[in-house]
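Take a look at the structure below.

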Amino acid sequence: MAVRQADVVLVGGGVMSATLGMMLRQLDPSLDIVMVERLDHVAHESTDGWNNAGTGHAGYCELNYTPETDDGDVEIARALQINAQFEVSLQFWSYLVEQGILPEPSTFINRTPHQSFVWGEKDVAFLKRRYERLKEHHLFREMEYTESPDDLSEWMPLVVKHRDPMQRVAATRIKHGSDVDFGSLTRSMVKWLETQPNFELMLSSPVHYIDQRDNGRWKLRVKNQKTGELTKLEAGFVFLGAGGGALPLLQKSGIDEARGYGGFPVSGQWLVCQKPDIVEQHDSKVYGKAPIGAPPMSVPHLDTRIINGEPALLFGPFAGFTTRFLKQGSVFDLFGSVRATNLRPMLSVSKSNMDLTRYLIGEVFQSHGDRVESLRNFFPDAREDDWKLQMAGQRVQIIKQTPEGGGKLEFGTEIVAARDGSLAALLGASPGASTAANAMLNVIERCFPEKLKTDQWQERMKELVPSYGQSLVNDEQLLNRVRERTLSTLKLG
């Protein structure tokens with residue numbers, strides 16, 4: 001059997017692999033790139049528009065990014081970091097639009113105000129303090145705060161209509177927030193890559209074998225599920241961007257850096273409304289506070305969505321317990337990921353997160369009426385018949401070994417790279433797709449360090465991301481220049 005030689009193999013056809021493939025193509029058009037995807041088309045798992053929140057996660061409305069400290073203050077460092085990372089994505093997408101690589105921005109991103117909404121004395125006090133802390137920083141200078149019924153009726157009419165007038169409520173708003181159809185974005189990137197020389201897309205082709213040769217190159221075997229044909233691939237660099245499928249592949253690679261990692265899968269569901277007379281009354285993403293005991297990805301929110309060009313309202317997500325790592329995965333995924341090197345961390349996390357496990361199991365058994373009752377906290381007039389339940393994507397949270405040998409459950413994303421830079425994997429979930437450009441810059445820095453030192457790559461990187469190598473958190477003038485361009489190019493201003 002002939003071996004297909006390549007410079008780069010991207011495993012998975014989601015937003016992460018597509019972003020890395022696009023960046024590498026822009027940096028060096030001579031690279032021979034192969035993308036392999038287990039399904040029969042790209043962007044169909046977590047990247048698909050119906051499988052994620054579609055929020056351009058910028059820290060504007062997500063209250064879990066700004067936790068309250070023991071002394072009553074609000075910690076804003078993570079919100080600043082995530083906001084700056086999302087600005088990197090906006091810069092990269094702006095470049096691709098300007099070059100005619102991506103289509104009209106409204107096909108994948110639309111201006112959708114980002115709002116936080118709370119009720120009760122304690123949470124109102126928290127939101128006001130959060131606003132005061134964030135407003136001081138140039139990244140959030142355009143944030144507005146209100147407790148005014150008139151303002152709220154304008155900002156979020158569905159949320160405040162027929163609400164108890166004695167209930168104290170408050171909200172914040174950033175007008176230039178966005179809704180992102182990551183599925184459409186990814187499909188557009190891959191469609192363009194397919195027009196380029198030295199790029200090959202292999203669909204219905206899961207990876208069955210991965211191993212590193214003595215010369216440092218990686219051998220992979222993929223099998224076409226439709227034809228049964230086996231293909232051998234060999235590449236100098238492999239990226240595992242397969243969502244929940246990345247951890248099992250990382251384990252198969254055998255690199256030392258994979259030791260101790262485990263996965264904690266979480267399922268999700270949305271309530272969906274597509275009735276025009278209701279959808280047209282809400283034009284924002286409204287985030288609240290997560291229930292006590294809920295994981296961060298379960299922060300309730302009522303969202304305007306535009307998926308494949310069609311508007312809808314989504315509420316949720318309702319998290320649940322699962323043993324699958326992928327929406328179209330196996331119920332044995334979790335058990336198959338157990339290794340001698342991660343058994344202790346996984347048992348440690350299981351023991352210390354029993355409340356979370358019970359919460360997730362309880363979510364699974366909620367009735368439709370129970371879910372709509374939760375929705376009424378955000379939309380008092382909601383009727384059961386107007387909403388249907390739809391499955392969201394799977395999320396596999398990271399279980400990471402602690403220095404003491406136990407385990408810790410992480411709710412962010414993490415890049416695991418081989419010491420020699422020949423392989424990298426992306427693990428974890430939120431903020432996920434929103435920070436894909438920043439995450440893939442990190443992969444390039446860690447895995448292509450010598451090429452990145454060259455004048456050619458440095459110059460090209462500055463074209464792709466003008467703020468590259470500088471801090472948007474610390475440099476207000478740089479942020480002003482960057483944001484003026486991206487809001488104009490992507491029509492978010």
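How many cavities of 30 Å³ or more does the count come to? The count comes to one cavity. Keep in mind that this is a predicted model. The largest cavity has a volume of about 40 Å³.

Now look at what surrounds that space. Gly56, Tyr60, Phe86, Glu87, Leu90, His114, His176, Gly177 and Ser178 line the largest cavity. Helix α2, residues 77–98, gives the largest share of this lining, with three residues. Sorted by class, the lining has three nonpolar residues, five polar ones and one charged one.

Next comes open space. The second largest pocket holds about 520 Å³. Its lining is made of 27 residues. Gln81, Gln85, Asn438, Ala439 and Asn442 are the ones that lie nearest the centre of this pocket. Which elements give two or more residues to the lining? They are α2, β19 (413–417) and α13 (436–447). By class, the pocket lining counts twelve nonpolar, eleven polar and four charged residues.

Turn to the strands. Is strand β15, residues 310–321, largely enclosed or open? Nine of its twelve residues are buried, so strand β15 is largely enclosed by the rest of the structure. A residue is called buried when its relative accessible area is under 20%.

Strand β15 has partners to look at. One is strand β12, residues 262–273. Seven bridges join β12 to β15, and the two run antiparallel. Within this pairing, Leu271 has Phe315 of β15 as its bridge partner. Another partner is strand β14, residues 301–307. Strands β14 and β15 also pair in the antiparallel sense, over seven bridges. Here Asp303 stands opposite Leu314 in β15. As a rule, side chains in a regular strand alternate between the two faces of the sheet.

The turn between β14 and β15 deserves a stop. These strands form a hairpin with two residues between them. In that hairpin, Asn308 takes a positive phi near 55°.

What about the cysteines? The structure holds zero disulfides. Cys61 counts as buried, because its relative accessibility is 0%. Cys447 is buried as well, with a relative accessible area of 10%.

Charged side chains come next. How many salt bridges does the structure hold? There are 29 salt bridges. Three of them are followed here, one at a time.

Start with Asp28 and Lys451. Their side chains meet in a salt bridge, at 3.7 Å from N to O. Asp28 lies in the loop between α1 (15–27) and β2 (33–36), while Lys451 lies in helix α14 (residues 449–452), so the pair ties together parts that are 423 residues apart in sequence. The two ends sit in unlike surroundings. Asp28 counts as buried, at 14% relative accessibility, whereas Lys451 is partly exposed, with a relative accessible area of 34%.

Move on to Arg129 and Glu132. This salt bridge spans 3.6 Å, N to O. Why are Arg129 and Glu132 separated by about one helical turn? The reason is that they are three residues apart in helix α3, residues 121–135. Arg129 counts as partly exposed, at 30% relative accessibility. Glu132 is partly exposed too, with a relative accessible area of 34%.

Is Arg483 buried or exposed? At 2% relative accessibility, Arg483 counts as buried. Glu142, at 35%, counts as partly exposed.

Finally, some salt bridges share partners. Together they join Asp73, Arg129, Glu132, Arg133 and Glu136 into one network. Arg129 and Glu132, the pair from helix α3, are among the members of that network.

Conventions. Residues numbered from 1 in each chain as written. Predicted model: local features only at pLDDT ≥ 70, side-chain atom pairs only at ≥ 80, totals over all residues. Heavy atoms only, no water. 1 Å grid on protein atoms, 1.4 Å probe; cavity = no way out; pocket = protein on both sides within 12 Å on 5 of 7 lines; lining within 4 Å. Points joined across faces, edges and corners; volume = space filled by probe spheres on them. Helix = DSSP H or I, 4+ residues; strand = E, 2+ residues; numbered from the N terminus. Nonpolar A, V, L, I, M, F, W, Y, C, P; charged D, E, K, R; others polar. Buried < 20%, exposed > 50% of the residue type's maximum accessible area, 1.4 Å probe, protein only. Pairing = 2+ DSSP bridges. Disulfide = S-S within 2.5 Å. Salt bridge = Lys/Arg side-chain N within 4 Å of Asp/Glu carboxyl O.
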